Amino acid sequence: MLPEMDLDAATIHPMTAADLDEVIAIETDSFPRPWTRDHFLAEIDSHRSLPLIARIGQGQLAGYICATFVLDEGEILDVAVRRDCRGRGVGRMLVDTAISALAAHGVRTVGLEVRVSNESAIALYRRIGFEDVGVRKSYYENGEDAILMAYTINDSEGRADAV
């Protein structure tokens, strides 16, 4: 267990291949069908992807996010926070940073899918300003539905904000 987290001391960095052992440990702990090392490497190597990590304390990896974009549309593909860091603002910091990075690439809308049972993630996305826009029936490996959510980036503020 980490000591109390000072998010002002948390840092966000581009994900590199050197981070993957830690990323895959969190991924495997977080999802029943985790991404592979090759999948993360493809995100790191893509000029249309924005894989980011959050480090805290003495450099411990607290979480990561993989976002991608095509033209003016972005998507959050994968996000996870280490179990002992959840509920402490790391996920919000990662999503906010990804939205800002996507906006800098000219993205106007950001989408994602989230399990209907993932109440904490849904609540976080709604607090940030994502809105429910649909449902993908039986989207996940266990037949669970996914809620489709979208966020609209507002130019007037120079930072992402819900419209």
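Biologist: Why does Ser49 count as buried?

Modeller: Buried means under 20% relative accessible area, exposed over 50%, and partly exposed in between, with a 1.4 Å probe and protein chains only. Ser49 counts as buried because its relative accessibility is 9%. Please note that this is a predicted model, in which local features need pLDDT of at least 70, side-chain atom pairs count only at pLDDT 80 or more, and totals for chains, interfaces and linings use all residues. Residues are numbered from 1 along each chain as its sequence is written, and side-chain values use heavy atoms, with hydrogens and water left out.

Biologist: In which strand does Ser49 lie?

Modeller: Helices (H or I, at least four residues) and strands (E, at least two) are DSSP runs, numbered from the N terminus. Ser49 belongs to strand E2, residues 49–56. Eight of the eight residues of E2 are buried. Ser49, Pro51, Ile53 and Arg55 point one way from the strand, while Leu50, Leu52, Ala54 and Ile56 point the other way.

Biologist: How many bridges join E2 and strand E3?

Modeller: Two strands pair if DSSP finds at least two bridges between them. E2 and E3 (residues 60–70) pair in the antiparallel sense over eight bridges. Within this pairing, Cys66 in E3 is the bridge partner of Pro51. Strand E1 (residues 11–14) also pairs with E2 in the antiparallel sense, over four bridges.

Biologist: Which residues is Ser49 in contact with, leaving aside its neighbours within four places in sequence?

Modeller: Contact means heavy atoms within 4.5 Å. With those neighbours within four places in sequence left aside, Ser49 is in contact with Glu43, Ala67, Thr68 and Phe69.
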